[in-house]
Amino acid sequence: MKKKTLVLLIILVLCISLSACKKDEEEKEKVPEAKTNEKIDLKKNVSIQDVGYVVGNYDDRHVIVKVSNNNDRAIYVDVKFSYRDSNGNQLDERNVYVRVGAHKTAYAIDEFYVEDVYFDNYKYDFDVSLEKLDDYETIYNNMKVNYVDTGSKVNVTITNNGNRTSTVKAWVLFRKDGKVVALNSVSEYNLTPGNTKTQSINYPHKTNSILIPFDRIEVVLNEISTEL
């Protein structure tokens, strides 16, 4: 009788141990699953529009996509570009990273140099993570970008009305019939609170004597960062 009781006790202890182990394993599995679901939910609220491949100022080359963030928080987007020849062979693969505020848009723009690959077509995909800068929205909203069209150039003025020293990136887009025909970046590093900086961007040219025709100028504050 004592032997039977002992066996039952051993079985009971084993069952409790197995149950505890199973519970631990389930809890371990839940952690990455929660993170994955959050990532998926963020991506679900992000859309990308192909703006196009632009051969602009002195034949500089850019591939442009517009990222729209419909999440209630700022995000960090990794746009993965894949470039191919006419036969579908992959020539190059590049990543462009851009920060996008809550319910805002930003351009992810891949810039090419003379020595970079020439391609026939491209594809892209993207991944999303949370922006680690908690006060991204406040810093972004305290940056003011204005411009003056002088008739031969665009003077872009960026003012930091906030209380954080930040790096600011803007784009000047020249459009014709709604399409981007040329573009220039404007970046200010270590822009201190209360400070204003101005940069001049010349009108775009095919050659020194041939102007690229455009009918509208768009200047956008694209993103900010405190990584100086």
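Contact here means heavy atoms within 4.5 Å. The model is predicted: local features need pLDDT of at least 70, side-chain atom pairs count only at pLDDT 80 or more, and totals for chains, interfaces and linings use all residues. Residues are numbered from 1 along each chain as its sequence is written, and side-chain values use heavy atoms, leaving out hydrogens and water.

**Stop one: Ile-224.** Select Ile-224. Beyond residues up to four places away in sequence, Ile-224 touches Arg-99, Leu-133, Tyr-136, Ile-139, Tyr-140, Met-143, Thr-167 and Val-168.

**Stop two: the cores.** A nonpolar core is a set of buried (under 20% relative accessible area, 1.4 Å probe, protein chains only) Ala, Val, Leu, Ile, Met, Phe, Trp, Tyr and Cys residues joined through side-chain atoms within 4.5 Å. Ile-224 is among the residues with the most contacts inside the largest core, which has 25 residues. Select Val-154, Val-172, Phe-174 and Ile-217 too; they are also on that list. Now select Ile-48, Val-96, Phe-119 and Tyr-122, which belong to a second, separate core of 21 residues.

**Stop three: Tyr-147.** Go to strand E7 (residues 143-149), where Tyr-147 sits; strands are DSSP runs (E, at least two residues), numbered from the N terminus. Which residues does Tyr-147 contact, leaving aside neighbours within four places in sequence? They are Val-154, Asn-155, Val-156, Ile-217 and Val-219. The Tyr-147 side chain reaches the backbone oxygen of Ile-217 at 3.4 Å.

Select E1 (residues 46-55) and E2 (residues 61-69). They pair in the antiparallel sense over nine bridges; pairing takes at least two bridges found by DSSP. Asp-50 stands opposite Val-65 in E2. Finish at Tyr-58 in the turn, with a positive phi of about 50°.

Technical notes: Helices (H or I, at least four residues) and strands (E, at least two) are DSSP runs, numbered from the N terminus. A polar contact is a pair of N or O atoms within 3.5 Å; within protein, one must be able to donate a hydrogen and the other to accept it, and residues adjacent in sequence count only if both atoms are side-chain atoms. Buried means under 20% relative accessible area, exposed over 50%, partly exposed in between (1.4 Å probe, protein chains only).
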